[in-house]
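Here is a note on the structure shown below, for someone who has not looked at it before.

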Amino acid sequence: TYETSTPVSSQNQPNLRIPGPVPLPDDVLAIAGSQMINHRGSGYADMLDRMTKNLKTVFMTKNDVYFITSSGTGAMETAVVNTISPGDKVLSIIIGAFGERFAEIAEAYGAETTRISFDLGEAADLDKVRKTLKGMNGVKAVIFTHNESSTGVSNPLADLCEVIHEETDALILVDAVSSAGGVPIAVDAWGIDVVATASQKSWISPPGISMVTFSEKAWKAHATSTTPKYYLDIEQYEDHLKIGQP
Ligand SMILES: *Cc1c(COP(=O)(O)O)cnc(C)c1O
């Protein structure tokens, strides 16, 4: 189990009705307004340890999980730069604007990106995804949005993962920016390699922090990835997690 916040109570303006940022509960607001702590001190290390354990519980995973100082788009970019090399074949399943953004990130880093797009308002069709995968050779990664915030439609995540596993040994990179924390995601059971999410959506926190899960298979891809990276290199986050520092 993990700790949850008290419900939103006496909120002032504005009455936000967007996927995020969302109105914050009073106890979250109080903590956000508290004094700074030493980010190289033991208090920070304890907090990071607690948060990391809680995050694994939510994601139902034994995989590594990391907090990144970026918005959700940075977490999507983290998924790409750490696992994909220029020239790798990527299948991008698109059901709206955020799916297109994920494809653009893969392209920006030189992936040979194939798009399979579905009508706005629809989820991905499993048979069409299966057929596309059958027609592709050597797919390195399949990337897609879990909940497409621009249309309000969620992809059938567990079923999609099953199809991908049946047809390929591709990495599965999921943009769960608006779903994770609000909808169950069984990272280990469904075999997802990287899940990207961000604090201001279902996690009911201020924006600016994103979170990623990172599987053993993703680490293997990292070891051979030739994509230049520095700030979003997951190895830096692993090194700093070990010493309890950001
Ligand atoms: C909000 C959102 C993003 C972008 O996150 P930012 O924190 O704005 O960078 C990406 N994907 C989905 C599905 C989102 O809802």
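1. Pro-21 is placed in the segment before helix H1 (26-32); helices (H or I, at least four residues) and strands (E, at least two) are DSSP runs, numbered from the N terminus. The peptide bond that joins Gly-20 and Pro-21 is cis, with omega at about 5 degrees.

2. A word on the basis of this note. The model is predicted: local features need pLDDT of at least 70 and side-chain atom pairs count only at pLDDT 80 or more, while totals for chains, interfaces and linings use all residues. Residues are numbered from 1 along each chain as its sequence is written, and side-chain values use heavy atoms, with hydrogens and water left out.

3. The ligand is surrounded by 14 residues, and the closest are Ser-71, Thr-73, Ser-149, Asp-175 and Lys-201. A residue is near a molecule or strand if one of its heavy atoms lies within 4 Å of it. By class, three residues of the shell are nonpolar, eight are polar and three are charged. For these classes, Ala, Val, Leu, Ile, Met, Phe, Trp, Tyr, Cys and Pro count as nonpolar, Asp, Glu, Lys and Arg as charged, and the others, Gly among them, as polar.

4. Which helices each supply at least two residues of the shell around the ligand? They are helix H3 (72-83) and helix H4 (97-108). The largest share, three residues, comes from H3.

5. A polar side-chain atom of Ser-149 is 2.4 Å from a ligand oxygen, and an N or O atom in the side chain of Ser-71 is 2.6 Å from a ligand oxygen. Gly-72 takes part through a backbone N or O atom, 2.7 Å from an oxygen atom of the ligand. The protein covers 89% of the 390 Å² of accessible area that the ligand has on its own. Accessible areas come from the Shrake-Rupley method with a 1.4 Å probe; for residues, only the protein chains shown count as cover.

6. Thr-145 belongs to strand S4 (residues 139-145). Is Thr-145 buried or exposed? Thr-145 is buried because its relative accessible area is 1%; buried means under 20%, exposed over 50%, and partly exposed in between (1.4 Å probe, protein chains only). The side chains of Thr-145 and Glu-148 make a polar contact of 3.5 Å. A polar contact is a pair of N or O atoms within 3.5 Å; within protein, one must be able to donate a hydrogen and the other to accept it, and residues adjacent in sequence count only if both atoms are side-chain atoms. Leaving aside neighbours within four places in sequence, Thr-145 is in contact (heavy atoms within 4.5 Å) with Ile-93, Phe-98, Gly-99, Asn-155 and Asp-175.

7. In soluble globular proteins, nonpolar side chains tend to be buried together. Here the largest nonpolar core has 36 residues, and those with the most contacts inside it are Ile-93, Val-129, Val-142, Phe-144, Ile-185 and Ile-192. Elements that give two or more residues to this core include helix H2 (42-59), strand S1 (64-68), helix H5 (126-134) and S4. Apart from this core lies another, of 26 residues, among them Ala-79, Val-80, Ile-234 and Tyr-237. A nonpolar core is a set of buried Ala, Val, Leu, Ile, Met, Phe, Trp, Tyr and Cys residues joined through side-chain atoms within 4.5 Å.

8. Phe-214 is in strand S9 (residues 210-214) and counts as buried because its relative accessibility is 1%. The C-alpha atoms of Phe-214 and Leu-173, 41 residues apart along the chain, are separated by 9.5 Å.

9. Two residues other than glycine have a positive phi: Met-60, at about 50 degrees, and Ile-204, near 55 degrees. Met-60 is in the loop between H2 and S1, and is partly exposed because its relative accessible area is 42%. Ile-204 is in the loop between strand S8 (194-198) and S9.

10. Ser-178 lies in the loop between S7 and H7 and is buried, with a relative accessible area of 12%. Val-183 lies in the loop between strand S7 (171-175) and helix H7 (187-190), and counts as partly exposed at 39% relative accessibility.
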